[in-house]
Amino acid sequence: VSPARRPPAERPQKPAPAPAARPPPAAPRADPRDRLRRILFLVPYAVRHPGTAVKELARRCGCTEKELLEDLDFLLNVGSPPFGPDDFLDVYVEGDRVHVALHQSFSRPPRFTESEAAALAAAAQALGGEGRARAVKALRDSVPRDRRASFDELSGRIYAGAPAAPDSVMGRLQRAIAERRAVRLAYHSASRDAETDRVVHPYTLAQRFGHWYLYGHDRQRERPLAFRVDRIRECAPLAERFEAPDEAELGRMRLFSEARGEPVRLRIAAGATAWALARPGIRLVKRGEDASAVVEVDAGEEWATRFALSLGGQAEVLSPPAARRHFAERVRKTLTRYGRS
Amino acid sequence: MQKDQRLLDLAALLLKAAEPVSWREIQEQFPEDYAGTGEAAIRKFERDKADLLELGIPVRYVAGDEDLPAGYLIDKDEFYLPDLKLPPEDLALLYVAGSAALAQGTFPYARDLAHALNKLSFAASAPGASESAAQATRRLSGEGEAPPAPEIVRSLEELSKAIAHKKWVDLEYRKAGAREPTERRVNPYGLYQKAGAWYLAAWCHSKRKVLTFHLSRIVSLRVNSSQPRTPDFEPEKDFSLAELASREAWEFEILAPQRCRVRLDSPVSNEVLASFGPRAKVSEEEGGVVIEITVTNPAALLRHVLSLGDAAEILAPKALRDDARAMLAELSERLA
């Protein structure tokens with residue numbers, strides 16, 4: 001049986017160049033189900049957005065262009081038994097644009113699997129916010145009925161951190177981000193060691209080095225900045241609205257590093273090295289003969305000082321000189337609170 | 001026929017059918033795959049059904065009645081992702097939460113999370129959800145500018161699967177301070193995050209109790225690969241991951257419990273207050289607050305208070321206050 005299908009017209013002769021410098025895949029051959037999951041998103045997406053460029057579609061599917069073209073090839077062989085001429089997915093690439101026409105079967109993606117829903121629920125639980133319970137219930141309802149018990153169980157197996165208190169700064173920030181509303185912050189600036197008043201267009205939240213950060217545009221300073229959420233004392237929403245930057249920009253922001261300039265170095269005593277190196281963002285520079293270690297982190301002097309003190313006398317800030325002074329000054333000031341014996 | 005193709009064809013057949021499709025018909029449509037009358041063909045079909053369910057596609061068997069023949073079907077209402085019917089701010093919450101979790105680079109079920117965000121763009125018009133997922137999946141697949149996934153990402157992924165399928169895991173684990181890793185077999189119960197690091201809570205076969213393992217100290221791991229669909233264990237009934245995860249370091253059982261008091265100067269942020277955990281008693285005092293907590297591991301409380309700098313101070317007990325002074329004096333001397 002050779003059903004009539006539109007040939008893949010003008011399929012580019014050469015597949016997209018494979019990245020040459022890609023490291024050898026360490027993982028075993030991908031599970032065939034991975035491809036199916038991708039396709040179950042790709043097909044409805046392409047139907048809804050006809051003529052999407054190959055490159056764009058690959059980006060959305062999180063695969064390379066080569067993989068995408070392979071997926072499209074694969075789709076050409078998929079039909080619905082008894083394999084009549086009209087039963088095949090009609091996939092073609094015109095220029096570099098993808099078109100998919102089909103019977104209605106795959107016009108929407110399937111329901112959430114229990115692990116998809118549970119992962120999203122765990123992320124939402126950790127972030128907190130008022131709508132959290134509603135969102136988790138809606139996720140549960142979007143899992144096939146047979147799998148809801150598994151969803152309940154799996155949700156109890158991931159805990160991504162304690163949720164924020166209901167009326168906390170975090171809760172208000174989330175609301176402001178969702179509503180694209182400016183906020184007035186009472187913010188403790190570590191560099192000036194003083195509380196400052198800021199008006200910020202809150203763009204997104206990100207977690208780095210175990211701390212939550214707000215990333216947003218500071219109106220007075222006229223540039224985007226990162227704010228440590230635990231240094232925001234007050235957060236009041238304003239009437240002013242703003243346009244958020246595009247998603248690619250937001251994605252880059254979430255990967256920001258707070259550090260400006262050279263990394264901070266710390267010496268860690270033998271007893272605390274394992275603990276310190278287990279923290280995200282800490283890199284080993286060298287080990288001493290006494291099993292102590294010098295480590296490096298891309299963070300500000302305030303973060304480094306707090307980190308060193310959290311190791312209780314088993315760490316000190318080494319460099320740069322300003323960071324060491326900052327650390328020494330904090331130690332001196334704290335010591336005066338306890339009085340010299 | 002290749003397995004992925006067979007699964008998709010099977011889904012297409014059942015989705016399109018107006019009434020349940022009998023086993024005989026299915027066999028006819030897939031003569032090479034489900035040939036024969038023996039148990040083997042049925043087992044293969046059952047495995048495929050289970051694979052489809054894992055993809056979110058539920059295949060149901062309907063016992064026939066007067067109107068309908070017996071057979072298999074995919075209930076369309078049960079198949080297509082429904083509209084979540086959430087207000088925009090809740091969708092934004094899901095979207096912000098999911099994107100932030102993925103951007104961390106380490107989150108269990110990260111692949112699932114990326115798929116979920118992709119689907120979210122269909123379940124509702126969450127702005128940019130699929131963009132965000134696309135970026136994240138690129139990171140996962142080692143594409144783009146992001147550095148190759150570190151070992152911990154792999155551990156998280158393997159453990160995520162082992163937890164979902166309840167399979168035991170052999171760990172090679174280096175305890176803090178130990179030079180050589182030790183090997184142990186565990187029943188993985190769950191994963192939790194604390195101060196930016198991920199931990200595995202698991203029942204240890206040799207210690208016969210639940211232990212926690214720091215993910216970055218896992219040297220290697222191997223998930224039991226035999227009978228992947230049959231669970232190896234059931235977690236203990238009274239186990240609560242949230243309880244374990246929300247236990248503060250100063251609540252680890254090391255010494256006899258004692259009451260401690262900590263003074264925090266204004267302004268005190270909610271996040272700093274929350275860092276003392278849900279069991280802390282807080283009372284207002286002029287220019288600040290006093291926190292009272294029961295502590296079984298005072299050294300950990302000392303470290304936490306010191307990290308808060310000169311806006312925090314241990315008031316009681318005296319012994320712990322003396323420890324703080326001694327520690328700071330020694331540091332100060334070294335820095336002078």
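Where in chain B is the place of Lys85(B)? The points below answer this and go through the contact between the chains.

1. Basis. This is a predicted model, in which local features need pLDDT of at least 70, side-chain atom pairs count only at pLDDT 80 or more, and totals for chains, interfaces and linings use all residues. Residues are numbered from 1 along each chain as its sequence is written, chains are lettered from A and ligands numbered from 1 in the order in which they are written, and side-chain values use heavy atoms, with hydrogens and water left out.

2. Lys85(B). Lys85(B) sits in the loop between α4 (76–79) and α5 (88–103) of chain B. Helices here are DSSP runs of H or I with at least four residues, strands are runs of E with at least two, and both are numbered from the N terminus. Lys85(B) is not a glycine, yet its phi is positive, about 50°. Most residues other than glycine have a negative phi, and most peptide bonds are trans.

3. Cis peptide bonds. In chain A, Ser319(A) and Pro320(A) are joined by a cis peptide bond with omega of about -5°. Pro320(A) belongs to the loop between β13 (315–319) and α11 of chain A. In chain B, the bond from Ser266(B) to Pro267(B) is cis, with omega near -5°. The loop between β8 (258–265) and α10 (270–274) of chain B holds Pro267(B).

4. Extent of the interface. Contact (heavy atoms within 4.5 Å) links 121 residues of chain A with 124 residues of chain B. The two chains bury about 10900 Å² between them, 62% of it on carbon and sulfur atoms. Buried area is the accessible area (1.4 Å probe) that two parts lose on being put together, summed over both.

5. Charged pairs across the interface. Chain A and chain B share 10 salt bridges, each a side-chain nitrogen of Lys or Arg within 4 Å of a carboxyl oxygen of Asp or Glu. Glu316(A) and Arg334(B) form a salt bridge through their side chains, at 3.1 Å from N to O. On the side of chain A that touches chain B, helix α1 (residues 32–48) of chain A gives the most, with 12 residues.

6. A helix pair between the chains. Helix α11 (residues 321–338) of chain A and helix α12 (residues 318–335) of chain B have axes that come within 9 Å and cross at roughly 145°. Axes are lines fitted to C-alpha atoms, for helices over the stretch in contact, and angles run from 0 to 180 degrees between N-to-C directions. Residues of α11(A) in this contact include Phe327(A) and Val331(A), and those of α12(B) include Leu328(B) and Arg334(B).

7. A salt bridge within chain A. Over all chains the structure holds 53 salt bridges. In one, Asp152(A) pairs with Arg140(A), with the closest N and O atoms 2.8 Å apart. Asp152(A) lies in helix α6 (residues 148–155) of chain A and Arg140(A) in helix α5 (residues 132–141) of chain A, so the pair ties together parts 12 residues apart in sequence.
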